[in-house]
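Dear colleague,

I am passing on a structure that is new to you, and I would be grateful if you read the notes below alongside it.

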Amino acid sequence: AGGLLSLDEGGRERFLALYRPDFKNAPSTKLLSDEERAIVSVAKEALTFCKGRSRPDSTLRKFLTTEGGEEECLSAMLIWSCNSFGGGRVYDTISRVNHSCDPNAAVKDTDADTDANDGTGQSLVAVAPISPGTEITISYLGPRLTYSGGPARLARLRRTKHFSCACPRCLSPDLASSVPCPSCHPRTNRRLDEEVMYDDDGAVEYACPKDARSATRCVRGRECGEACTDAGLMGLCNRIGEKCAGR
């Protein structure tokens, strides 16, 4: 509350204009996604805790008892959860940049070469050619998870940013979840032959899910077109993806 109240009127309006689940116009939460309903519920519990535990003479209690204070505090918590960067910082411009799993820009610490190096300075840098009129996007996942398979990316975004991604990469064949095609390269006791395992000559045919959401259910050979829904194989692929995402 203190940080919000320290902003001037313009800064406060810009902060409150940042994205958050629209709990105000969807009070029954029926119009919210499962991810949004979950974080709204957590924020409401936090608000109840603040009202019950804050001292009567504290800045927080005074803020909550003003007209519209509870709603504004709830909005601030949701905005922070959806838009903050490392260290819990919310930026006036960069926090408004949309996510893509195939971004054309990245966030860079501008004070990386200074003695401060506390992450308070941020700038946007292009990581791909950007034509005039093209939307600038960044990845909310960080460099490690950005290059992971669809299930790991979707799970992290649902858990930390409270939305299910539908960017072009997530709606396209999920190449990051590719495996040697089960039809073109049959397994022996679920083990691949060494020449297939290492693919030294680039002759291995791969199978991949049709999009990020289907990566836990089916892969289809890119060359033969055969589909594989073997539960054991899909479970193995998913466990490998989870281990890679956790490193």
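What follows covers a pair of helices and then a pocket.

Please bear in mind that this is a predicted model, in which local features need pLDDT of at least 70 and side-chain atom pairs count only at pLDDT 80 or more, while totals for chains, interfaces and linings use all residues. Residues are numbered from 1 along each chain as its sequence is written, and side-chain values use heavy atoms, with hydrogens and water left out.

Helix α3 (residues 34-53) and helix α5 (residues 69-83) have axes that come within 10 Å and cross at roughly 130°; helices here are DSSP runs of H or I with at least four residues, and strands are runs of E with at least two, numbered from the N terminus. The axes are lines fitted to C-alpha atoms over the stretch in contact, with angles from 0 to 180 degrees between N-to-C directions. The two helices are therefore oblique to each other, a word for angles left over once those under 35 degrees (roughly parallel), over 145 (roughly antiparallel) and 65 to 115 (roughly perpendicular) are set aside. Where they touch (heavy atoms within 4.5 Å), α3 residues including I39, V40 and L47 meet α5 residues including C73, L74 and M77.

As for the second largest pocket, β2 (105-109) gives the largest share of its lining, four residues, and α5 is also among the elements that give two or more. The lining has 29 residues, and V107, I138, S139, Y140 and G142 lie nearest the centre. A pocket is an open set of points on a 1 Å grid over the protein atoms alone, where a 1.4 Å probe fits, with protein on both sides within 12 Å along at least five of seven lines, and lining residues have an atom within 4 Å of a point.

With best wishes
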